[in-house]
Amino acid sequence: MSESVHTVTTLPTERRSGLPFDPPAELLDARRHGPISRCTHPGGKPGWLITGYDLVRSVLADSRFSSRKELMNVVDFELPPAPPGEFLLMDEPQHGRYRKPLVGKFTVRRMRLLTERIEQITVDCLDAMEKAGPPTDLVTAFAKPIPTIVICELLGVPYQDRGSFQEQIDTFMGGATSDEELIAAYTATQEYLAELVAAKRANPTDDVLSELTDSDLTDEELRGISLILLAAGFDTTANMLSLGTFALLQNPAQLAALRADPSLTDRAVEELLRYLSVAKTFMRTALEDVELGGQTIKAGTTVVLSYNTANRDPERFADPHVLDLRRQDAGGHLAFSHGIHQCLGQQLARVEMRVAFRALIDRFPTLRLAVPAEEVGLRPETADIYGVKSLPVTWDKEES
Ligand code: HEM
């Protein structure tokens, strides 16, 4: 084992002020020392931090690394296994049992069919924004409602019930200030979804959740699946839309290029995914001793995979810290992960972002921040998903 391995004292580390789009400086520094470092997990346990693109990708494709929640060795008490259906934190064969019935419901073709509806939802949000007039908070007027309405319609969750789950999901995905608050928010979402599953069983409607009731999955499993879909389905995309708009507004030349050339939209979305990596880190635990980047990861040790530094790896991406919507190499980014847990909703997210970014910049040619950039409130690094808390924007009324 190499003696000179770099050590990051405790995770997570904070971003440098004034650089809201860059990964925390300590993680970038770790990458400069090499693709793998020692670290201490927030709960005090020793682990490894992987910051290099190739190494992150190889761990994601390696079945000797587990996603199981109960194996995560990060705190000094035993974590319970993921509840039935919450397959993000499971390995095969359990993971596949839940993921397989869903794959056909999230294909490129199925998602393209949804495009028209997503366009309509976007137009409705923009109309409401325009009618209310500037200034507005882009998060509440635009970034949150679009993916929330879409995932609600797809799953069959009544949008008018969002008061029962949206805030709770926000809380347990990043806004909780204590463990008690996190558990309460999570339990409330579970209870809401348990009732919804029972209602779909009794009266199936035309949606994914109702379709799933026609299978051998139990109510408890369906509750878990719908929780994963709902939680993964709006917070990620909402933060990409708001943080992505912030990044475009801070890079006027890139924004101008995108405005001028609609054919750049698809590539721009991939580049924003790479550059921002809102789903910034995930963990895996070694099931046996594994040699990795010249180090031995002992069985039972948990590694942190830093998707955001992997996506800024100079050995993989030219000028990685530059937002370049025309770049040719953004496509291989790890913003949707890789391997068996690669994002199930990525085609949906892509359609949403392509439609929403395009429509927003076309509708408001003079869109700009309504506060100085340093006053935009950012989520802390402890949040699962990175993003802005709110994004005050304005525009010239006569031009809208
Ligand atoms: C998994 C990112 C949107 C559903 C993942 C993972 C990432 C990710 C990084 C893998 C985690 C790991 O490696 O363990 C994103 C980003 C999104 C997005 C950046 C938006 C820009 C969505 C949407 C859905 C969705 C719209 C809607 C259904 C899922 C599900 C999984 C997942 C179900 C678990 C897959 C599995 O464990 O097999 N996502 N996601 N995601 N995502 Fe997304």
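The following dialogue discusses how to read the features of a predicted model.

Colleague: How many helices and strands does the protein have?

Modeller: The protein in this predicted model has 15 helices and 11 strands. Its radius of gyration is 21 Å, close to the 21 Å that the globule rule gives for 400 residues, so the protein is as compact as a globular protein of that length. The C-alpha trace spans about 65 × 55 × 40 Å along the principal axes.

Colleague: What share of the contacts between residues at least 6 apart in sequence joins residues at least 24 apart?

Modeller: In this protein the share is 71%.

Colleague: How should I read the interior, and what percentage of the residues count as buried?

Modeller: The general idea is that nonpolar side chains in soluble globular proteins tend to be buried together. In this case, 44% of the 400 residues count as buried. The largest nonpolar core has 107 residues, and those with the most contacts inside it are Ile50, Val56, Ile146, Leu155, Leu230 and Leu305. Helix H11, residues 219-249, gives the largest share of this core, 15 residues.

Colleague: Which residues does Leu305 touch, leaving aside those up to four places away in sequence?

Modeller: Leu305 touches Ile50, Val56, Val59, Leu60, Thr281, Phe282, Met283 and Arg284. Two of these partners, Ile50 and Val56, are themselves listed among the core residues with the most contacts.

Colleague: Is Leu229 buried or exposed?

Modeller: A residue is judged by counting the C-beta atoms around its own, and 20 or more within 10 Å make it buried. Leu229 has 24 C-beta neighbours inside 10 Å, and therefore counts as buried.

Colleague: Why does Glu271 count as buried?

Modeller: Glu271 counts as buried because it has 26 C-beta neighbours inside 10 Å. Glu271 is found in helix H13, residues 265-276. Apart from neighbours within four places in sequence, Glu271 is in contact with Leu323, Asp324, Leu325, Arg327 and Ala330. For Glu271 and Arg32, the separation is 239 residues in sequence and 22 Å in space, C-alpha to C-alpha.

Colleague: How many residues surround the ligand, and which are the closest?

Modeller: The ligand is surrounded by 24 residues, of which the closest are Ala232, Thr236, Ser337, Cys343 and Gly345. H11 and helix H15 (346-363) are the elements that give two or more residues to this shell. The largest share, 7 residues, comes from H11.

Colleague: What is the make-up of the shell around the ligand by class?

Modeller: The shell has 16 nonpolar, 7 polar and 1 charged residues.

Conventions
Residues numbered from 1 in each chain as written. Predicted model: local features only at pLDDT ≥ 70, side-chain atom pairs only at ≥ 80, totals over all residues. Core = buried A, V, L, I, M, F, W, Y, C linked by C-beta atoms within 7 Å. Buried ≥ 20, exposed ≤ 12 C-beta atoms within 10 Å, placed from the backbone. Helix = DSSP H or I, 4+ residues; strand = E, 2+ residues; numbered from the N terminus. Contact = placed C-beta atoms within 7 Å. Near = placed C-beta within 6 Å. Nonpolar A, V, L, I, M, F, W, Y, C, P; charged D, E, K, R; others polar. Rg over C-alpha atoms; globule rule 2.2 N^0.38 Å.
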